[in-house]
Amino acid sequence: MNDEASEIRPDYPIIKVEELAYAYGKPDGHGCFKAQPADFIVRETLSFEPEGEGTHVYLYIQKTETNTEWLARQLARFVGIEAKEIGYAGLKDRNAITSQWFSVKLEGIDEPNWDELQLDGVTILKKTWHRKKLRRGAIKSNHFDIVLKDVQSVASDVLKQRIEQIQKEGVPNYFAQQRFGHDYNNLTRGARWFAGDIKIKKRTDKSMIISASRSMVFNQMVSQRLNQFGWNQLVNGDIMMLNATHSIFPAPEINDEILQRFHAIDIHPTAPLWGRGRLSSEQQLLQLEQEVADPLHKWCDGLEKQGLKQERRAIRLFPQSLSYTLEGTELSLSFSLPSGAYATAVLREIIQF
């Protein structure tokens, strides 16, 4: 498998996250990220409140250096059910301390003694009940507490200015490095799969490759828009998305009402999540998106052959409750992000890591 992933196909260009444009220019400072699990703490909040009754027990579990899918399998084994009866809303980083919800279907089964679940680095913090299985994506937000060590070449006043810019104008809503696998293997394998050089049998592997490919095209759309038009600039032909929703509408001309709503963070411009169908953008933006898609046409063709439909994703991301402290060479950051957003998309605008 490593041999498969390591072979690069020049007809399938790979644009890495490190190559993407910055909203405010590349930061001067740099530091060490994830020196230990306690440097990256994530707490998940669901998009709904469990009802407190039903056949699915909901467990809020804190885990250290523990893979989400692995823990789901251990829960299934402990209860004596199939892994498909375990639900979780999203995958969390392994090299971290993360707290997230799991659901366990106990219909017709006696509830086990959860105190007997003895797994290193795993602690059940809360328990409740609900009528339905926890589904992927049912996340309102993730809260992050991040520490960067050995921070150098940055002054407190520079950090303050950057963070104030981010609070006011947001950051590009890029997909982060973890989306693409170790050493971008999800993309290198994806190129060979799309080209017909190899076969991918496992559904989970196919899903990761498709997600990585689509994410890379999106990232490049955002990066090239930023290079051509600048950050936080609307373009004739934009497709706008209502804040905190997936509802979109066209903006063929940028009028005063659109600008007012844009600056009030009520609406956001979008870029395509590639799939079948025509681009919904118009005029200047349509021209840009077609220019970006042209050298990536084999990636786009591969995604279309997998049956995906054209969708849109907001290109702006606003971290909530963003705060920081810089003590010596240690930078601590705290903020919340909506479902589907990446903490490193925020970090890369603040400091090199």
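Me: Glu311, is that buried or exposed, or something in between?
Reply: This is a predicted model, and in it Glu311 is partly exposed, at a relative accessible area of 41%.

Me: Which residue does Glu311 form a salt bridge with?
Reply: Its partner is Arg214, with the closest N and O atoms 2.9 Å apart. Arg214 sits in helix α5 and Glu311 in strand β12 (residues 311–314), so the pair links distant parts of the chain, 97 residues apart.

Me: And Arg214, buried or exposed?
Reply: Arg214 counts as buried, because its relative accessibility is 12% and the cut-off for buried is under 20%.

Me: How many salt bridges does the structure hold?
Reply: There are 17. One of them joins the side chains of Asp197 and Arg9, at 2.5 Å from N to O.

Me: Where do Asp197 and Arg9 lie?
Reply: Asp197 is in the loop between α4 (185–194) and α5 (203–229), and Arg9 is in the loop between α1 (2–6) and β1 (30–33), so their contact ties together parts 188 residues apart in sequence. Asp197 is partly exposed at 35% relative accessibility, and Arg9 is partly exposed at 22%.

Me: Which residues are in a network with those two?
Reply: Salt bridges link Arg9 and Asp197 in a network with Asp11, Arg192 and Lys298.

Me: Switching topic: what does Glu349 pair with?
Reply: Glu349 forms a salt bridge with Arg162, and their closest N and O atoms are 3.9 Å apart. Glu349 belongs to helix α9 (residues 343–350) and Arg162 to helix α3 (residues 156–169), 187 residues apart.

Me: Are Glu349 and Arg162 buried or exposed?
Reply: Both are buried.

Note on methods:
Residues are numbered from 1 along each chain as its sequence is written. This is a predicted model: local features need pLDDT of at least 70, side-chain atom pairs count only at pLDDT 80 or more; totals for chains, interfaces and linings use all residues. Side-chain values use heavy atoms; hydrogens and water are left out. A salt bridge is a side-chain nitrogen of Lys or Arg within 4 Å of a carboxyl oxygen of Asp or Glu. Helices (H or I, at least four residues) and strands (E, at least two) are DSSP runs, numbered from the N terminus. Buried means under 20% relative accessible area, exposed over 50%, partly exposed in between (1.4 Å probe, protein chains only).
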